[in-house]
Amino acid sequence: MLPGVGVFGTGEIANVLVPLLREKGFEVRAIWGRTLKEAKETSSAQNVAFHTNVIDEVLLRKDVDLVFIVCQPFLHAEISVKALGIGKHVVCDKPAGLHQMDAMKMVRASQYYPTLISLVNHPLRFLPAFTQMRRCLQDELIGPLAAVALMDVRVQMGTLFPEKYNWMCDAQMGGGALNLVGSVVDLVTFLLQQQAVRVHGVLRSYTKTTAAINGIRQITAPDFCNFQMELSSGTLVTVALHSHTVPAKSFSQEVLVYGSKGHLVVRGGDLFVLKEGQPKEEAVYVDVQDLHFSTNNSLLPRPYIKGLCKMVGALKEAFGSRESSWIKAPVSTAATFEDGLYVQAVVEAIRKSNETRQWQRVQLTTDTPLNHDQIIRYGYARMPTM
């Protein structure tokens, strides 16, 4: 039997996630929003019976056993740790908090409760084109995986900023292009099975105002990000993320991996290969699957939505076992909280590189939060504004 779901968040992802969950057979029991107005609007639009702006009122519901955390990043660690402590399965959206310390709290909580699902939502891991690319790399279609010399990622998309000012407009809150950087960093690890040793990055905020955001507050989050990563084996990764040069709601994505015997490339949702000596590329996988509901009004790129759909399907398989409450195999390739901690370390190094204009080593924190025991046993103290 599939668990009841509580959704924390009322933004773009929540409005796409709820229909996906229902399509796969999950019952969405509760919606949480920062304000009662936001929670009520989303619950009415998605036909969810219960809504609230109090975290505990969702976590303490007996009919909620799985929570999706797709709200503001500064709340990710708090809700994740508390949910695991109460005995709920957790899928948290990227990033894993605002800093490594937030991510470390989540890692410690997941280690303390290993029988519960604790995943980070990096949907590109489940996009069929990338699962096929990973298989091709493991099968050495373009040469040994250790001989991959270069990976080039280019993403162009419409505006990242909503009509009303929110956390996505604020650099300190994890908004803008940095919110996409985590997905790319995680994708590199997923495909090449390597981690970054050092990085060099450039961040820029070219869009300061929009037609709707033009008062006292200005947009500080970057809409342009170029960075390079040197991996443990010497592989160079170059990444370009732009969201200020193309029309709204447009999206293009190209991921190339160059090996000793050719290259693999994903464009959009399709995978191609060019082997050594071949005159032109050959299609390995062509994405012909369509979604069962309209996403025309969503700012989320379709590859991300399709990856999220596949991830929800994998969760359905994980909870569909009759022998136990859940099985690991269907979600074994999903990003863990440990992966989220590594991604946070890389993002922090990119920020620092942008400030110093120098290459920066990726340093993973190993410090345990000072209030670790209290966090694990009792969760966070309730915030009066919630």
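Modeller: Hi! One definition before we start: helices (H or I, at least four residues) and strands (E, at least two) are DSSP runs, numbered from the N terminus.

Colleague: Thanks! What kind of model is this?

Modeller: It is a predicted model, in which local features need pLDDT of at least 70 and side-chain atom pairs count only at pLDDT 80 or more, while totals for chains, interfaces and linings use all residues. Residues are numbered from 1 along each chain as its sequence is written, and side-chain values use heavy atoms, with hydrogens and water left out.

Colleague: How many helices and strands does the chain have?

Modeller: There are ten helices and 16 strands in the chain. Its radius of gyration is 20 Å, close to the 21 Å that the globule rule gives for 386 residues, so the chain is as compact as a globular protein of that length. That radius is taken over C-alpha atoms, and the rule is 2.2 Å times the number of residues to the power 0.38. Along the principal axes, the C-alpha trace spans about 60 × 55 × 45 Å.

Colleague: What share of the residues is buried?

Modeller: Buried residues account for 53% of the 386. Buried means under 20% relative accessible area, exposed means over 50%, and partly exposed is in between (1.4 Å probe, protein chains only).

Colleague: Let's zoom in on α2. Which of its residues are buried?

Modeller: In helix α2 (residues 36-46), the buried ones are A39, T42, S43 and Q46. They cover an arc of only 100° around the axis, which puts them on the same side of α2. The arc is that of the directions from the helix axis to the C-beta atoms.

Colleague: Why would residues three or four places apart point the same way?

Modeller: An α-helix has 3.6 residues a turn, so residues at that spacing point the same way.

Colleague: Nice. What do the buried residues of α2 pack against?

Modeller: They pack against α1 (12-23), β2 (27-32) and β3 (50-52). On the other side of α2, K37, S44 and A45 are exposed.

Colleague: What follows α2?

Modeller: N47 does, and its phi is positive, near 60°, although N47 is not a glycine. N47 sits in the loop between α2 and β3 and is exposed, with a relative accessible area of 65%.

Colleague: How about α4: how many of its residues are buried?

Modeller: Nine of the eleven residues of α4 (residues 76-86) are buried, so that helix is mostly covered. Among them are H76, E78 and K82. Just after α4 comes G87, with a positive phi of about 105°.

Colleague: Changing topic: where is D223?

Modeller: D223 is in the loop between β8 (196-204) and β9 (224-231). D223 is buried, with a relative accessible area of 1%.

Colleague: Which residues does D223 touch?

Modeller: Leaving aside residues up to four places away in sequence, its contacts include F161, A177, R204, Y206 and H242. D223 and H242 are 19 residues apart in sequence and 6.2 Å apart in space, C-alpha to C-alpha.

Colleague: Tell me about R204, then. Where is its place?

Modeller: R204 is in strand β8 and is partly exposed, with a relative accessible area of 37%. Not counting residues up to four places away in sequence, R204 touches P222, D223, F224 and N354.

Colleague: And T189, which helix is that in?

Modeller: T189 belongs to helix α7 (residues 178-192). T189 is buried at a relative accessible area of 13%, and it touches Q194, Q195 and Y342, again not counting residues up to four places away in sequence.

Colleague: What about Q193: where does it lie?

Modeller: Q193 lies in the loop between α7 and β8. Its phi is near 60°, a positive value in a residue other than glycine, and Q193 is partly exposed, with a relative accessible area of 44%.

Colleague: Last one: which peptide bond is cis, from K94 or from P95?

Modeller: The one from K94 to P95 is cis, with omega near -10°. P95 is placed in the loop between β5 (89-93) and α5 (100-112).

Methods: Contact means heavy atoms within 4.5 Å.
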